[in-house]
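This report describes a ligand site, the nonpolar cores and several individual residues. Please consult the sequence and the structure shown here while reading.

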Amino acid sequence: MPNLTVGVLGAGGHIGLVQAAALASLGYSTIGYDLDLGRVRDLQKGKLPFYEPELAGLVQSGLKSKLLEFTGRVNRLKGIDLAYICTSTPSLPDGRTEILQVENAVTAVARTVQKRVIIVIKSTVPVGTARRLSLLLQQQGLSEKAVLVSNPEFLSEGSAINDFWHPARIVIGSAEPEAAEIVAGIYAPPHVPVIKTSWESAELIKYAANVFLALKISYINLVAQLCEKAGGDIRVVSEGVGLDPRIGSSFLEAGIGFSGPCLEKDLRSLIRQFNDAGEEAPLLEAALYINQRQRYLVVSRLKKSLGELKGKKIAVLGLAFKPGTDDLRDTHTLPVIEQLVSAGAMVTVHDPVLSEICWPRQMNVFLPELRWASSPYEAAEGKDALLILTACPEYRRINLVKLKGCLANPLIVDGRNLFSPGEMAALGIEYRGVGLGVETEAEVER
Ligand code: UGA
(Lines give C-alpha, C1' and ligand atoms only; values in the text may rest on other atoms or scores of the structure.)
Protein backbone atom coordinates (compact mmCIF):
# COMPACT_ATOMS: atom_id res chain seq x y z
CA MET A 1 0.00 0.00 0.00
CA PRO A 2 2.78 2.50 -0.65
CA ASN A 3 0.43 5.26 -1.80
CA LEU A 4 -0.58 5.88 1.81
CA THR A 5 0.79 8.88 3.66
CA VAL A 6 1.91 8.18 7.19
CA GLY A 7 2.77 10.47 10.07
CA VAL A 8 5.20 9.47 12.80
CA LEU A 9 4.86 11.41 16.05
CA GLY A 10 7.96 11.43 18.21
CA ALA A 11 10.14 11.07 15.12
CA GLY A 12 13.15 12.53 16.94
CA GLY A 13 13.31 9.56 19.33
CA HIS A 14 14.79 6.10 18.88
CA ILE A 15 11.60 4.25 18.02
CA GLY A 16 10.07 7.07 15.98
CA LEU A 17 13.10 7.68 13.84
CA VAL A 18 13.58 4.02 13.00
CA GLN A 19 9.87 3.73 12.22
CA ALA A 20 9.86 6.84 10.01
CA ALA A 21 13.03 5.97 8.10
CA ALA A 22 11.97 2.36 7.54
CA LEU A 23 8.46 3.32 6.36
CA ALA A 24 9.93 5.80 3.88
CA SER A 25 12.28 3.14 2.57
CA LEU A 26 9.24 0.90 2.01
CA GLY A 27 7.86 3.60 -0.29
CA TYR A 28 5.39 5.33 2.05
CA SER A 29 5.29 9.06 1.99
CA THR A 30 6.34 9.67 5.60
CA ILE A 31 6.10 12.81 7.70
CA GLY A 32 8.15 12.71 10.89
CA TYR A 33 6.79 15.13 13.46
CA ASP A 34 8.53 16.11 16.68
CA LEU A 35 8.03 18.85 19.26
CA ASP A 36 11.79 19.31 19.65
CA LEU A 37 12.47 21.87 16.93
CA GLY A 38 16.25 21.60 17.33
CA ARG A 39 16.04 17.90 16.54
CA VAL A 40 13.69 18.58 13.62
CA ARG A 41 16.14 21.09 12.11
CA ASP A 42 19.02 18.64 12.49
CA LEU A 43 16.98 15.79 11.01
CA GLN A 44 15.99 17.95 8.03
CA LYS A 45 19.74 18.16 7.31
CA GLY A 46 20.17 14.41 7.83
CA LYS A 47 21.87 14.82 11.21
CA LEU A 48 20.81 12.24 13.79
CA PRO A 49 20.34 13.08 17.49
CA PHE A 50 21.78 9.71 18.60
CA TYR A 51 23.76 6.78 17.27
CA GLU A 52 22.03 3.71 15.90
CA PRO A 53 23.81 1.44 13.41
CA GLU A 54 22.56 1.81 9.78
CA LEU A 55 20.00 4.47 10.68
CA ALA A 56 21.85 7.51 9.32
CA GLY A 57 22.02 5.99 5.82
CA LEU A 58 18.32 5.12 5.88
CA VAL A 59 17.34 8.65 7.00
CA GLN A 60 19.56 10.26 4.38
CA SER A 61 18.21 8.16 1.54
CA GLY A 62 14.65 8.88 2.72
CA LEU A 63 15.35 12.61 2.60
CA LYS A 64 16.99 12.30 -0.80
CA SER A 65 14.03 10.40 -2.27
CA LYS A 66 11.70 13.06 -0.73
CA LEU A 67 9.61 10.24 0.76
CA LEU A 68 10.79 11.29 4.21
CA GLU A 69 10.39 14.73 5.72
CA PHE A 70 10.58 16.15 9.22
CA THR A 71 8.43 18.87 10.65
CA GLY A 72 7.61 20.62 13.89
CA ARG A 73 4.23 21.83 12.53
CA VAL A 74 1.36 19.57 13.46
CA ASN A 75 -0.74 20.99 10.62
CA ARG A 76 1.53 19.20 8.20
CA LEU A 77 -0.18 15.98 9.35
CA LYS A 78 -3.63 16.96 8.14
CA GLY A 79 -3.56 14.79 5.02
CA ILE A 80 -2.17 11.57 6.55
CA ASP A 81 -3.90 8.18 6.42
CA LEU A 82 -2.12 6.64 9.39
CA ALA A 83 -0.32 8.05 12.43
CA TYR A 84 2.29 6.15 14.41
CA ILE A 85 2.61 7.36 17.99
CA CYS A 86 6.21 6.85 19.11
CA THR A 87 6.42 9.45 21.86
CA SER A 88 8.16 8.58 25.09
CA THR A 89 6.46 7.16 28.16
CA PRO A 90 8.78 8.08 31.03
CA SER A 91 8.72 6.54 34.46
CA LEU A 92 7.28 8.57 37.33
CA PRO A 93 9.04 8.38 40.73
CA ASP A 94 6.50 5.79 41.97
CA GLY A 95 7.16 3.53 38.96
CA ARG A 96 3.98 4.49 37.12
CA THR A 97 4.24 5.24 33.43
CA GLU A 98 3.55 8.78 32.28
CA ILE A 99 1.36 8.60 29.16
CA LEU A 100 0.72 12.32 28.74
CA GLN A 101 2.86 12.63 25.60
CA VAL A 102 0.98 9.73 24.00
CA GLU A 103 -2.35 11.25 24.97
CA ASN A 104 -1.36 14.66 23.57
CA ALA A 105 -0.12 13.12 20.34
CA VAL A 106 -3.31 11.09 19.86
CA THR A 107 -5.60 14.06 20.43
CA ALA A 108 -3.41 16.35 18.30
CA VAL A 109 -3.72 13.94 15.35
CA ALA A 110 -7.48 13.50 15.79
CA ARG A 111 -7.95 17.29 15.88
CA THR A 112 -5.71 17.94 12.88
CA VAL A 113 -6.65 15.33 10.28
CA GLN A 114 -9.19 16.01 7.54
CA LYS A 115 -10.36 12.42 7.12
CA ARG A 116 -10.66 9.43 9.45
CA VAL A 117 -7.23 8.01 10.30
CA ILE A 118 -5.82 4.98 12.04
CA ILE A 119 -3.73 5.97 15.04
CA VAL A 120 -1.21 3.26 15.81
CA ILE A 121 0.30 3.29 19.31
CA LYS A 122 3.89 2.01 19.14
CA SER A 123 4.95 3.47 22.51
CA THR A 124 4.98 1.09 25.47
CA VAL A 125 1.86 1.96 27.46
CA PRO A 126 0.23 0.30 30.48
CA VAL A 127 -2.60 -2.12 29.92
CA GLY A 128 -5.88 -0.25 29.46
CA THR A 129 -4.33 2.81 27.81
CA ALA A 130 -5.77 2.35 24.30
CA ARG A 131 -9.24 1.79 25.75
CA ARG A 132 -8.92 4.91 27.94
CA LEU A 133 -7.68 7.00 25.01
CA SER A 134 -10.48 5.73 22.81
CA LEU A 135 -12.94 6.86 25.47
CA LEU A 136 -11.20 10.21 25.66
CA LEU A 137 -11.57 10.69 21.89
CA GLN A 138 -15.24 9.84 22.26
CA GLN A 139 -15.67 12.37 25.09
CA GLN A 140 -13.99 15.04 23.00
CA GLY A 141 -16.23 14.28 20.02
CA LEU A 142 -13.26 13.01 18.01
CA SER A 143 -14.09 9.32 17.65
CA GLU A 144 -15.30 9.86 14.08
CA LYS A 145 -11.81 11.15 13.23
CA ALA A 146 -9.69 8.29 14.49
CA VAL A 147 -9.57 4.62 15.28
CA LEU A 148 -6.92 3.41 17.74
CA VAL A 149 -4.71 0.39 17.19
CA SER A 150 -2.08 -0.94 19.59
CA ASN A 151 1.01 -2.21 17.77
CA PRO A 152 3.89 -2.39 20.27
CA GLU A 153 7.44 -2.11 19.05
CA PHE A 154 10.07 -4.75 19.81
CA LEU A 155 13.18 -2.92 18.64
CA SER A 156 16.42 -3.28 20.60
CA GLU A 157 18.87 -0.42 20.57
CA GLY A 158 21.98 -1.25 18.60
CA SER A 159 20.06 -3.62 16.31
CA ALA A 160 16.86 -1.64 15.77
CA ILE A 161 16.99 -1.60 11.96
CA ASN A 162 17.58 -5.31 11.75
CA ASP A 163 14.80 -5.88 14.31
CA PHE A 164 12.44 -3.76 12.20
CA TRP A 165 13.07 -5.82 9.06
CA HIS A 166 13.12 -9.17 10.86
CA PRO A 167 10.53 -9.08 13.62
CA ALA A 168 9.92 -12.25 15.64
CA ARG A 169 6.20 -11.42 15.60
CA ILE A 170 3.84 -8.58 14.88
CA VAL A 171 1.24 -7.80 17.51
CA ILE A 172 -1.85 -5.81 16.61
CA GLY A 173 -4.50 -4.95 19.17
CA SER A 174 -7.66 -3.45 17.76
CA ALA A 175 -11.38 -3.20 18.33
CA GLU A 176 -11.92 -2.93 14.55
CA PRO A 177 -10.71 -5.89 12.43
CA GLU A 178 -10.42 -3.72 9.27
CA ALA A 179 -8.04 -1.34 11.01
CA ALA A 180 -5.92 -4.29 12.21
CA GLU A 181 -5.85 -5.59 8.61
CA ILE A 182 -4.57 -2.24 7.29
CA VAL A 183 -1.85 -2.02 9.95
CA ALA A 184 -0.77 -5.60 9.20
CA GLY A 185 -0.60 -4.71 5.51
CA ILE A 186 1.88 -1.86 6.12
CA TYR A 187 4.77 -4.17 6.81
CA ALA A 188 4.46 -7.85 7.69
CA PRO A 189 7.12 -10.03 6.07
CA PRO A 190 5.95 -13.50 5.02
CA HIS A 191 6.42 -16.24 7.65
CA VAL A 192 6.32 -13.73 10.51
CA PRO A 193 3.45 -14.58 12.88
CA VAL A 194 0.88 -11.80 13.18
CA ILE A 195 -1.16 -11.81 16.37
CA LYS A 196 -4.39 -9.89 16.00
CA THR A 197 -5.96 -9.42 19.37
CA SER A 198 -7.55 -6.98 21.81
CA TRP A 199 -5.93 -3.71 22.89
CA GLU A 200 -5.28 -5.10 26.36
CA SER A 201 -3.60 -8.30 25.19
CA ALA A 202 -1.37 -6.36 22.81
CA GLU A 203 -0.33 -3.92 25.54
CA LEU A 204 0.39 -6.75 27.95
CA ILE A 205 2.40 -8.77 25.42
CA LYS A 206 4.91 -5.91 25.30
CA TYR A 207 5.30 -5.68 29.09
CA ALA A 208 5.25 -9.41 29.67
CA ALA A 209 7.97 -9.90 27.04
CA ASN A 210 10.32 -7.19 28.31
CA VAL A 211 9.82 -8.21 31.92
CA PHE A 212 10.41 -11.86 31.09
CA LEU A 213 13.78 -10.85 29.60
CA ALA A 214 14.54 -8.96 32.82
CA LEU A 215 13.56 -12.01 34.88
CA LYS A 216 15.90 -14.23 32.87
CA ILE A 217 18.81 -11.88 33.52
CA SER A 218 18.07 -11.54 37.23
CA TYR A 219 17.61 -15.28 37.58
CA ILE A 220 20.98 -16.06 36.04
CA ASN A 221 22.57 -13.35 38.19
CA LEU A 222 21.03 -15.03 41.24
CA VAL A 223 22.51 -18.38 40.22
CA ALA A 224 25.84 -16.56 39.68
CA GLN A 225 25.76 -15.65 43.37
CA LEU A 226 25.59 -19.31 44.29
CA CYS A 227 28.49 -20.04 41.94
CA GLU A 228 30.53 -17.53 43.91
CA LYS A 229 29.67 -19.16 47.21
CA ALA A 230 29.63 -22.83 46.27
CA GLY A 231 31.81 -23.02 43.15
CA GLY A 232 30.86 -23.40 39.49
CA ASP A 233 31.26 -21.15 36.48
CA ILE A 234 28.09 -19.26 35.57
CA ARG A 235 29.10 -19.12 31.89
CA VAL A 236 29.12 -22.93 31.74
CA VAL A 237 25.94 -23.15 33.80
CA SER A 238 24.23 -20.65 31.42
CA GLU A 239 25.33 -22.60 28.40
CA GLY A 240 24.03 -25.86 29.83
CA VAL A 241 20.72 -24.30 30.87
CA GLY A 242 20.22 -22.36 27.62
CA LEU A 243 20.70 -25.41 25.42
CA ASP A 244 17.32 -26.63 26.58
CA PRO A 245 15.12 -25.32 23.74
CA ARG A 246 12.30 -24.75 26.21
CA ILE A 247 14.51 -22.16 27.92
CA GLY A 248 16.73 -20.79 25.13
CA SER A 249 20.19 -19.30 25.47
CA SER A 250 19.51 -15.58 25.04
CA PHE A 251 19.40 -13.19 27.99
CA LEU A 252 21.27 -15.63 30.18
CA GLU A 253 24.50 -13.65 30.38
CA ALA A 254 25.33 -12.98 33.99
CA GLY A 255 26.96 -9.70 34.89
CA ILE A 256 26.24 -6.30 36.30
CA GLY A 257 22.57 -6.58 35.29
CA PHE A 258 20.21 -4.88 32.90
CA SER A 259 19.75 -1.17 32.45
CA GLY A 260 18.74 1.34 29.78
CA PRO A 261 15.46 3.04 29.04
CA CYS A 262 13.28 -0.08 28.73
CA LEU A 263 13.70 -3.18 30.88
CA GLU A 264 13.94 -1.56 34.29
CA LYS A 265 11.28 1.02 33.51
CA ASP A 266 8.91 -1.65 32.22
CA LEU A 267 9.62 -3.89 35.21
CA ARG A 268 8.78 -1.04 37.62
CA SER A 269 5.72 -0.14 35.58
CA LEU A 270 4.39 -3.70 35.54
CA ILE A 271 4.82 -3.92 39.33
CA ARG A 272 2.71 -0.74 39.60
CA GLN A 273 0.13 -2.15 37.19
CA PHE A 274 -0.18 -5.21 39.46
CA ASN A 275 -0.44 -2.99 42.56
CA ASP A 276 -3.01 -0.73 40.92
CA ALA A 277 -5.04 -3.86 40.15
CA GLY A 278 -4.83 -4.81 43.86
CA GLU A 279 -2.24 -7.54 43.28
CA GLU A 280 1.26 -8.16 44.61
CA ALA A 281 4.13 -9.01 42.27
CA PRO A 282 6.87 -10.48 44.51
CA LEU A 283 8.58 -12.26 41.61
CA LEU A 284 9.06 -8.96 39.81
CA GLU A 285 10.17 -7.14 42.95
CA ALA A 286 12.83 -9.80 43.52
CA ALA A 287 14.11 -9.34 39.97
CA LEU A 288 14.41 -5.61 40.56
CA TYR A 289 16.20 -6.13 43.87
CA ILE A 290 18.71 -8.57 42.34
CA ASN A 291 19.38 -6.15 39.50
CA GLN A 292 20.09 -3.26 41.88
CA ARG A 293 22.35 -5.46 43.98
CA GLN A 294 24.53 -6.42 41.00
CA ARG A 295 25.63 -2.77 40.68
CA TYR A 296 26.90 -2.67 44.26
CA LEU A 297 28.64 -6.02 43.99
CA VAL A 298 31.17 -4.82 41.42
CA VAL A 299 32.13 -1.87 43.60
CA SER A 300 32.45 -4.06 46.67
CA ARG A 301 34.68 -6.37 44.62
CA LEU A 302 36.97 -3.45 43.86
CA LYS A 303 37.04 -2.55 47.55
CA LYS A 304 37.86 -6.14 48.48
CA SER A 305 41.03 -5.98 46.38
CA LEU A 306 42.00 -2.33 46.81
CA GLY A 307 40.74 -1.56 50.30
CA GLU A 308 39.71 2.08 50.60
CA LEU A 309 38.91 3.67 47.22
CA LYS A 310 39.86 7.18 48.37
CA GLY A 311 42.63 8.49 46.14
CA LYS A 312 42.62 5.35 43.96
CA LYS A 313 42.74 5.75 40.18
CA ILE A 314 40.15 3.63 38.38
CA ALA A 315 39.66 3.11 34.64
CA VAL A 316 36.09 2.39 33.54
CA LEU A 317 35.41 0.75 30.18
CA GLY A 318 31.93 1.33 28.83
CA LEU A 319 29.41 4.06 29.63
CA ALA A 320 26.38 3.28 27.47
CA PHE A 321 23.88 0.74 28.82
CA LYS A 322 24.77 -1.75 26.11
CA PRO A 323 27.09 -2.03 23.10
CA GLY A 324 26.29 -0.30 19.80
CA THR A 325 24.53 2.70 21.31
CA ASP A 326 25.37 6.09 22.82
CA ASP A 327 22.32 5.98 25.05
CA LEU A 328 22.96 7.07 28.64
CA ARG A 329 19.33 6.96 29.72
CA ASP A 330 19.03 4.94 32.94
CA THR A 331 22.38 3.32 32.31
CA HIS A 332 23.82 1.23 35.15
CA THR A 333 27.22 2.78 34.56
CA LEU A 334 26.43 6.19 36.04
CA PRO A 335 25.31 4.93 39.49
CA VAL A 336 28.43 2.76 39.59
CA ILE A 337 30.69 5.68 38.68
CA GLU A 338 28.89 7.87 41.21
CA GLN A 339 29.66 5.27 43.90
CA LEU A 340 33.33 5.32 42.93
CA VAL A 341 33.53 9.10 42.85
CA SER A 342 31.72 9.51 46.16
CA ALA A 343 34.15 7.02 47.72
CA GLY A 344 36.95 9.38 46.66
CA ALA A 345 38.25 7.49 43.60
CA MET A 346 39.53 9.27 40.48
CA VAL A 347 37.74 7.89 37.43
CA THR A 348 38.82 7.82 33.79
CA VAL A 349 36.28 6.49 31.31
CA HIS A 350 36.38 5.09 27.80
CA ASP A 351 33.45 4.20 25.57
CA PRO A 352 33.75 3.19 21.90
CA VAL A 353 30.71 5.25 20.84
CA LEU A 354 30.47 8.02 23.43
CA SER A 355 33.12 10.66 23.92
CA GLU A 356 33.57 13.82 25.95
CA ILE A 357 31.99 15.77 23.06
CA CYS A 358 28.63 14.03 23.42
CA TRP A 359 28.72 13.94 27.23
CA PRO A 360 25.65 15.89 28.39
CA ARG A 361 26.90 19.01 30.13
CA GLN A 362 24.33 18.70 32.90
CA MET A 363 26.12 15.48 33.93
CA ASN A 364 29.10 17.55 35.05
CA VAL A 365 27.04 18.60 38.05
CA PHE A 366 27.09 14.99 39.30
CA LEU A 367 30.43 13.92 37.94
CA PRO A 368 32.64 17.01 37.57
CA GLU A 369 35.87 15.06 38.01
CA LEU A 370 35.38 12.55 35.20
CA ARG A 371 38.35 12.17 32.87
CA TRP A 372 38.09 10.80 29.35
CA ALA A 373 40.36 8.47 27.41
CA SER A 374 40.39 7.80 23.70
CA SER A 375 41.33 4.13 24.02
CA PRO A 376 41.12 1.39 26.66
CA TYR A 377 44.91 1.48 26.96
CA GLU A 378 44.94 5.23 27.58
CA ALA A 379 42.22 4.72 30.20
CA ALA A 380 44.29 2.00 31.92
CA GLU A 381 47.54 4.01 31.99
CA GLY A 382 48.83 4.23 35.59
CA LYS A 383 45.53 3.04 37.13
CA ASP A 384 45.03 0.95 40.27
CA ALA A 385 42.25 -1.07 38.67
CA LEU A 386 40.17 -1.42 35.55
CA LEU A 387 36.41 -1.90 35.66
CA ILE A 388 34.48 -3.26 32.66
CA LEU A 389 30.84 -2.16 32.62
CA THR A 390 29.64 -2.63 29.01
CA ALA A 391 30.15 -5.73 26.85
CA CYS A 392 31.48 -3.86 23.81
CA PRO A 393 32.94 -6.21 21.19
CA GLU A 394 36.04 -3.93 21.03
CA TYR A 395 36.86 -4.85 24.62
CA ARG A 396 36.77 -8.56 23.88
CA ARG A 397 39.58 -7.93 21.37
CA ILE A 398 41.80 -5.99 23.79
CA ASN A 399 45.48 -6.94 23.86
CA LEU A 400 45.67 -8.09 27.46
CA VAL A 401 49.47 -8.05 27.62
CA LYS A 402 49.48 -4.43 26.49
CA LEU A 403 46.65 -3.60 28.89
CA LYS A 404 48.50 -5.14 31.81
CA GLY A 405 51.57 -3.10 30.86
CA CYS A 406 49.49 0.08 31.11
CA LEU A 407 47.98 -0.64 34.54
CA ALA A 408 49.94 0.38 37.64
CA ASN A 409 48.22 -2.50 39.44
CA PRO A 410 47.04 -5.47 37.36
CA LEU A 411 43.50 -5.74 38.69
CA ILE A 412 40.45 -6.12 36.41
CA VAL A 413 36.92 -6.23 37.79
CA ASP A 414 34.71 -7.36 34.95
CA GLY A 415 30.97 -6.68 35.18
CA ARG A 416 30.42 -8.46 31.85
CA ASN A 417 32.50 -11.63 32.11
CA LEU A 418 34.34 -10.90 28.87
CA PHE A 419 37.45 -12.92 29.69
CA SER A 420 38.44 -16.25 31.08
CA PRO A 421 39.88 -16.33 34.61
CA GLY A 422 42.42 -18.94 33.48
CA GLU A 423 43.78 -16.68 30.72
CA MET A 424 44.01 -13.79 33.17
CA ALA A 425 45.73 -15.86 35.82
CA ALA A 426 48.32 -17.02 33.26
CA LEU A 427 49.04 -13.35 32.47
CA GLY A 428 49.40 -12.48 36.14
CA ILE A 429 46.26 -10.32 36.17
CA GLU A 430 43.97 -10.41 39.20
CA TYR A 431 40.59 -10.94 37.55
CA ARG A 432 37.21 -10.73 39.24
CA GLY A 433 34.13 -11.46 37.17
CA VAL A 434 30.56 -12.30 38.15
CA GLY A 435 29.73 -15.86 39.20
CA LEU A 436 33.02 -17.34 38.10
CA GLY A 437 33.22 -19.05 41.47
CA VAL A 438 35.85 -21.51 42.52
CA GLU A 439 37.48 -22.56 39.30
CA THR A 440 38.03 -26.20 38.52
CA GLU A 441 40.79 -27.14 36.11
CA ALA A 442 38.30 -28.10 33.39
CA GLU A 443 36.67 -24.70 33.56
CA VAL A 444 39.97 -22.84 33.48
CA GLU A 445 40.86 -24.59 30.21
CA ARG A 446 37.68 -23.41 28.45
C1 UGA B 1 14.66 -4.09 25.17
C2 UGA B 1 14.08 -5.38 24.53
O3 UGA B 1 15.12 -6.34 24.38
C4 UGA B 1 13.45 -5.04 23.15
O5 UGA B 1 12.83 -6.22 22.64
C6 UGA B 1 12.37 -3.97 23.35
O7 UGA B 1 11.76 -3.62 22.13
C8 UGA B 1 13.04 -2.73 23.94
O9 UGA B 1 13.64 -3.08 25.21
C10 UGA B 1 11.99 -1.67 24.14
O11 UGA B 1 11.11 -1.87 24.98
O12 UGA B 1 11.98 -0.67 23.41
P13 UGA B 1 16.93 -2.71 24.86
O14 UGA B 1 16.53 -2.04 26.13
O15 UGA B 1 17.32 -1.89 23.69
O16 UGA B 1 15.73 -3.66 24.33
O17 UGA B 1 18.17 -3.65 25.19
P18 UGA B 1 18.37 -5.18 25.58
O19 UGA B 1 19.12 -5.84 24.51
O20 UGA B 1 17.10 -5.81 26.01
O21 UGA B 1 19.36 -5.06 26.84
C22 UGA B 1 18.92 -4.48 28.06
C23 UGA B 1 19.96 -4.64 29.13
O24 UGA B 1 20.10 -6.02 29.52
C25 UGA B 1 21.37 -4.19 28.74
O26 UGA B 1 21.91 -3.46 29.82
C27 UGA B 1 22.13 -5.48 28.53
O28 UGA B 1 23.49 -5.37 28.75
C29 UGA B 1 21.47 -6.37 29.59
N30 UGA B 1 21.62 -7.82 29.35
C31 UGA B 1 21.12 -8.38 28.22
C32 UGA B 1 22.24 -8.63 30.31
O33 UGA B 1 22.70 -8.14 31.37
N34 UGA B 1 22.35 -9.98 30.08
C35 UGA B 1 21.85 -10.56 28.96
O36 UGA B 1 21.97 -11.80 28.82
C37 UGA B 1 21.24 -9.73 28.00
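## Basis of the description

A polar contact is a pair of N or O atoms within 3.5 Å; within protein, one atom must be able to donate a hydrogen and the other to accept it, and residues adjacent in sequence count only if both atoms are side-chain atoms. The model is predicted, with local features requiring pLDDT of at least 70 and side-chain atom pairs counted only at pLDDT 80 or more, while totals for chains, interfaces and linings use all residues. Residues are numbered from 1 along each chain as its sequence is written, and side-chain values use heavy atoms, with hydrogens and water left out.

## The ligand site

A backbone N or O atom of Gly-257 is 3.5 Å from an oxygen atom of the ligand. Side chains also take part: an N or O atom of the Lys-206 side chain lies 2.7 Å from a ligand oxygen, and for the Asn-210 side chain the corresponding distance is 2.8 Å. The protein buries 90% of the 720 Å² that the ligand exposes when taken alone; accessible areas come from the Shrake-Rupley method with a 1.4 Å probe, and for residues only the protein chains shown count as cover.

The shell around the ligand holds 20 residues, of which Glu-153, Glu-157, Lys-206, Asn-210 and Glu-253 are the closest; a residue is near a molecule or strand if one of its heavy atoms lies within 4 Å of it. Helix α8 (residues 199-230) is the largest contributor to this shell, with four residues. Helices (H or I, at least four residues) and strands (E, at least two) are DSSP runs, numbered from the N terminus. By class, the shell comprises 10 nonpolar, four polar and six charged residues, where Ala, Val, Leu, Ile, Met, Phe, Trp, Tyr, Cys and Pro count as nonpolar, Asp, Glu, Lys and Arg as charged, and the others, Gly among them, as polar.

## Nonpolar cores

A nonpolar core is a set of buried Ala, Val, Leu, Ile, Met, Phe, Trp, Tyr and Cys residues joined through side-chain atoms within 4.5 Å. Buried denotes under 20% relative accessible area, exposed over 50%, and partly exposed in between (1.4 Å probe, protein chains only). The largest core has 41 residues, and those with the most contacts inside it include Leu-17, Phe-70 and Ile-118. Helix α1 (residues 14-25) gives the most to this core, with eight residues. A second, separate core of 30 residues includes Ala-379, Cys-392, Ile-429 and Leu-436.

Beyond its neighbours within four places in sequence, Ile-118 is in contact (heavy atoms within 4.5 Å) with residues including Leu-82, Val-147, Val-149 and Ile-182.

## Individual residues

Val-106, in helix α4 (residues 100-112), is buried, with a relative accessible area of 1%. Residues up to four places away in sequence aside, Val-106 touches Ile-85, Ile-119, Leu-133, Leu-137 and Leu-148. Arg-39 in helix α2 (residues 37-44) is partly exposed at 30% relative accessible area; its contacts, leaving aside neighbours within four places in sequence, are Gly-12, Gly-13, Pro-49 and Phe-50.

Asp-233 occupies the loop between α8 and α9 (234-242) and is buried, with a relative accessible area of 2%. The Asp-233 side chain forms a polar contact of 2.5 Å with the side chain of Arg-235.

## Helix α12

The buried residues in helix α12 (residues 333-342) include Thr-333, Leu-334, Val-336 and Ile-337. Their cover includes α11 (282-306), β9 (313-317), β10 (346-350) and β12 (385-388). Just after α12, Gly-344 adopts a positive phi of about 95°.
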